[in-house]
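Biologist: I would like to learn how to read a model like this one, going feature by feature. Could we begin with the backbone and then turn to the contacts?

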Amino acid sequence: MDFDFSDDQKFLKSEARKFLDARCPVSVVRGVLDDPARAYDETLWKAVAGQGWMGAAIPEEHGGLGLGGIELCAIAEELGRALAPIPFASTVYFVAEALMLAGTPAQKEAWLPRIAAGELIGCFATVERPGPLTEGQIQARVEGGKLTGVKLPVADGDVAGLAVVLARESGRLGLYLVDLSAEGSTRETLETLDPTRSAARLTFAGAPAERLGEAGEGMALAEQVLNRAAVLLAFEQVGGADRALEMAKDYALNRYAFGRPIGSYQAIKHKLADIYIKNELARSNAYYGAWALDAGPGELPVAAAAARVCATDAFWFAAKESLQTHGGMGFTWDVDCHLYYRRAQQLGLVAGGAKAWKERLVSQLERRNVA
Amino acid sequence: MDFNDTPEEAEYRAKARAWLDANAPKRSAGAASDMEDPVSMDASRAWQRKKADAGYACITWPKEWGGGGGASWQSVIFGQEESAFDTPGNPFQIGLGMCVPTVMTVGNQADKERFVRPAVRGEEIWCQLFSEPTGGSDVAAARTRAVKDGDDWVINGQKVWTSGAHYSDFGLLLARTDPDVPKHKGLTMFWIDMKAPGVEVRPIHQMSGASNFNEVYFTDLRIKDSQRVGAVGEGWRTSLVTLMNERLAIGGGGGAGYRTILKLARDISTLAGPAAKDAGLREKIADWFVQAEGLKYTRYRTLTALSRGQTPGPENSIGKVVSATLMQDMANTALELEDQFGIISDPAKAPLAGAFQSALMNAPGMRIAGGTDEILRNIIAERVLGLPQDVRLDKDVPFKDIPSGR
């Protein structure tokens, strides 16, 4: 039994925390928040690339570090904790993972080294309508290698160079690689709930598209990509939730009301204990997901859904109750609570919301029970 | 991360399993373990003795005291393997988990020599006499008096919620020896013979219908000063040793409950179609599943720390507060699902042999015993998160002057 990060992974994680403490203080996050023209922090993006993190799980032959999914999880937790305002998830958890999962050798060679080097931002474009991702809502279509349709919201679509798009060809769904620098693609930046993370509406009018993976496998591949991303996002959520708890605790120890710290009142103590409980449950489920990423492909659908459901709940709860603990100050622009409140929603929705993931989880459990 | 054993763990596990295969008793004719029944009690004692002979009882305790002289991870692995067998009930848990370790840590040499080995071998059973009618969560408010009389102490008072008092040979007693000092300073710990004159055990009839706990009354119970465990006035500190020794809550539990409710849902139709397809129910099942699995993997994290030779983190403190409410919620939802049949508790006629009716009636006890939900949240807030202790109006007041209410 070895159900924790190894010493090497812990070292990586603590180095990542030191690095982000230095390079991603909250002023960097606020720099993006306060400037509508900025989609992400380019300086931080380059610095993170310098650490090799985009390529952490990309094989060495494609310019990566060739580490495992668990190492990437360790980095994800720290990025989540720091609210890093960079398009890391879209590029690494979605697009790089999709390429590694389904790419031909030529596709991998064309794109993975650029991702690993931090030269290319990716985005994963699936939904077109409100509500969870279903096969029926996909109107985007490919004919003769040209993509037509509209995708929104596409996280980081406003700054991405490469899109992985779920579209229909001869009635069957597939994933397609679209070079957004080529003609035929236009984008419109969307206002987002969490302005430290951007999104766009992508319009394709005959954009050159190359299939990624088998024809007709689009939905299955998208789900596999989502499962992997769900685990990695769960670590970002756990990182954010833990930080939100720390903020609440620090405030409760230093804020006095009626002559004593508010953290001495059971209403606050029990609230914070409840945050702790949810965070630990989320961490444990996320660890199981991390294990399944590398070693348990058969368990991944259940493990990923459990990690996502639990982490989404934990981060939302921690963010809203941490804000509540801060009282009126928590509702101000200057106090950081709303950054976590926004990010909790952003992360909780960007790979599909908890409601849909709960349904996926129970379907998987039914399948497992029947089998 | 790796769920597999290290070679050393695998070797120990294989040895333990082989021993269990050869030695674990088969329970007689389907009867659940019942400590009121002398046959099950004999089976429990026999099983404990067999484990002790093989070094599988109190695995982490020194061999000189009858233990196994092993490591914590070995104890956990043996527990996991043992749980797969239909072994007899364990009436030794409180003695071996809390009382006897206190004697080992604080007691005198004669007491250690007298008590430890027979307890390990299941020859003598202990109960813990801490809680009182006026002090459940507030254990240090104990009012049971011990008054010095020559070389003796005379005990008068009442304990409550004492598990297994009716079949115990000895009890670890927290008593007030000085009511004129603040409450934490006037307590002393003793061991008593549960069969001595002056000790009366009355079972508590629980709301579930069962009687797992007792009231214990002391009327002029006379004991020797040599039965004192630790110094006079040090009882509170000694009781902390007892409570710290609470067995690591590893093993058992896990995500089994969701299977039962899915099974129930497959056999029931709602107004909107099959219950198993009900979106509201499915969301709840997902929530319960991640909680139960979260607890299971949290125990794995604790086990990992043990197997690396580290002190486990505080994460295991969340176990009961999550599982008790989980059990209550699940039972209530299951009864709703059964609709009018939910009122039937007769196992012969209720769905799933009344499993959820029984869970519903046991859940309140789960949320209270061994630390209420509220006390456990205080403990997490204070000991894990480092928030201030509650304001205590009784801290520096002589015990006799503390208002006691009902």
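Biologist: Is Trp161(B) buried or exposed?

Modeller: Keep in mind as we go that this is a predicted model. A residue counts as buried if 20 or more other C-beta atoms lie within 10 Å of its own, and Trp161(B), with 22 other C-beta atoms within 10 Å, is therefore buried. Trp161(B) sits in the loop between strand E3 (152-160) and strand E4 (170-176) of chain B.

Biologist: What should I look at in the backbone of such a residue?

Modeller: Most residues other than glycine have a negative phi, and most peptide bonds are trans. Phi of Trp161(B), by contrast, is positive, near 65°.

Biologist: Where is Phe258(A) found, and is Phe258(A) buried or exposed?

Modeller: Phe258(A) belongs to the loop between strand E8 (256-257) and strand E9 (260-261) of chain A. Phe258(A) counts as exposed because the number of its C-beta neighbours inside 10 Å is 7, and the cut-off for that class is 12 or fewer.

Biologist: Which residues are joined by a cis peptide bond?

Modeller: The bond between Leu152(A) and Pro153(A) is cis, with omega at about -10°. Pro153(A) is placed in strand E3 (residues 146-155) of chain A.

Biologist: How is chain A divided into domains?

Modeller: The domain assignment gives domain 1 as 7-89 + 105-116, domain 2 as 122-216 and domain 3 as 219-370. Taken over C-alpha atoms, the centres of domain 2 and domain 3 of chain A are 28 Å apart. In their contact, domain 2 of chain A supplies 14 residues and domain 3 of chain A supplies 13 residues. On the side of domain 2 that touches domain 3 in chain A, eight residues are nonpolar, three are polar and three are charged.

Biologist: How many residues does each chain give to the contact between chain A and chain B?

Modeller: The size of an interface is often given as the accessible area lost when the parts come together. Here we can count residues instead: chain B gives 38 residues and chain A gives 37 residues. On the side of chain B, the elements that give two or more residues are helix H7 (257-266), helix H8 (279-307), helix H9 (319-338) and helix H11 (373-384). The largest share, 16 residues, comes from H8(B). By class, this side of chain B that touches chain A has 21 nonpolar, six polar and 11 charged residues.

Conventions:
Residues numbered from 1 in each chain as written. Chains lettered and ligands numbered in written order. Predicted model: local features only at pLDDT ≥ 70, side-chain atom pairs only at ≥ 80, totals over all residues. Domains from an automatic or database assignment. Contact = placed C-beta atoms within 7 Å. Nonpolar A, V, L, I, M, F, W, Y, C, P; charged D, E, K, R; others polar. Helix = DSSP H or I, 4+ residues; strand = E, 2+ residues; numbered from the N terminus.
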